[in-house]
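Please look over the chain shown here before reading on. The report then goes through it part by part.

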Amino acid sequence: MSKLNCPNCNHQAMTSWAKLDLSPLFNKSCDHCGVNLAIPFWGLFLLILPITLPFACLQFAYIRSTFMNEYLMVFMPPSISIGVLIGFILFIYAAPLIKSE
Ligand SMILES: [Zn+2]
């Protein structure tokens, strides 16, 4: 079952783009049956971890090293954008939709 499918009616509930608007605090209704849908709290980690992990690792490496600093600054922007991309993909395709009241 696709992670974009509604747990109530089993049809596609929203587009992948619309799913990025969801959070445990902001619900969205299913396009097909109108039931309120949300993301469980742990689903947010799928989005946050890939974004913060490379950043935290590079920060740690930056503190530890003295001669690699110029290279780390070059790696920082691409690793963050790749992290954001991985976070979005994980969030859309791995975080389940749940019914909310
Ligand atoms: Zn539905």
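What follows is a short report on the fold, the sheet, the helices, the core and a few single residues.

## Overall shape

This is a predicted model. The chain holds 3 helices and 3 strands. Along the sequence they come in the pattern α-β-β-α-α-β.

The chain has a radius of gyration of 18 Å, whereas a compact globule of 101 residues would have one near 13 Å. Its C-alpha atoms fill a box of roughly 60 × 20 × 20 Å along the principal axes. Buried residues account for 15% of the 101 residues. Take the contacts between residues at least 6 apart in sequence: 58% of them join residues at least 24 apart.

## The sheet

The 3 strands make an open sheet, ordered β1-β2-β3, with antiparallel pairing. At its edges are β1 (28-29) and β3 (98-99), each of which pairs on one side only. In general, the strands of a sheet pair through backbone hydrogen bonds, in a parallel or antiparallel way.

Strand β2 covers residues 36-38 and pairs with β1 over 2 bridges, in the antiparallel sense. Ser29 faces Asn36 of β2 across this pairing.

Lys28 belongs to strand β1. Is Lys28 buried, partly exposed or exposed? Lys28 has 18 C-beta neighbours inside 10 Å, so it counts as partly exposed; buried would take 20 or more. Beyond its neighbours within four places in sequence, Lys28 contacts Met14, Ala18, Asp21, Leu22 and Leu37. Phe91 is 63 residues from Lys28 along the chain, and their C-alpha atoms are separated by 15 Å.

## Helix α2 and its bend

Helix α2 runs over residues 43-64, 22 residues in all. From first C-alpha to last it reaches 32 Å, close to the 32 Å expected at 1.5 Å a residue. Where does α2 bend? The bend is at Leu49 and comes to about 35°. A proline, Pro50, follows within four residues.

Buried positions in α2 are Gly43, Leu47, Pro50 and Pro54. As a general point, an α-helix has 3.6 residues a turn, so residues three or four places apart point the same way.

Leu90 sits in helix α3, which spans residues 69-94. Which residues does Leu90 touch, not counting those up to four places away in sequence? They are Leu46, Leu47 and Pro50. Leu47 and Pro50 are among the buried residues of α2. Leu90 and Leu47 are 43 residues apart in sequence, yet their C-alpha atoms are 6.7 Å apart in space.

Leu90 itself is partly exposed, because 16 other C-beta atoms lie within 10 Å.

## The nonpolar core

The largest nonpolar core has 8 residues. They are Cys6, Ala13, Met14, Leu22, Cys30, Leu37, Ile39 and Leu97.

Leaving out residues up to four places away in sequence, Ala13 touches Leu4, Asn5, Cys6, Cys30, Asp31, His32, Leu37 and Leu97. Cys6, Cys30, Leu37 and Leu97 are also members of the core.

Asn10 lies in the segment before α1 (16-19). Its phi is near 70°, a positive value in a residue other than glycine. Most residues other than glycine have a negative phi. Is Asn10 buried or exposed? Asn10 counts as exposed because it has 12 C-beta neighbours inside 10 Å. The exposed class takes 12 or fewer.

Leu20 is in the loop between α1 and β1. Leu20 has 13 C-beta neighbours inside 10 Å, and therefore counts as partly exposed. Leu20 and Asn10 are 10 residues apart along the chain, with their C-alpha atoms separated by 19 Å.

Terms used: Residues numbered from 1 in each chain as written. Predicted model: local features only at pLDDT ≥ 70, side-chain atom pairs only at ≥ 80, totals over all residues. Pairing = 2+ DSSP bridges. Expected span 1.5 Å × (residues − 1). Bend = angle between axes of the 7 residues up to and from the residue. Rg over C-alpha atoms; globule rule 2.2 N^0.38 Å. Contact = placed C-beta atoms within 7 Å. Core = buried A, V, L, I, M, F, W, Y, C linked by C-beta atoms within 7 Å.
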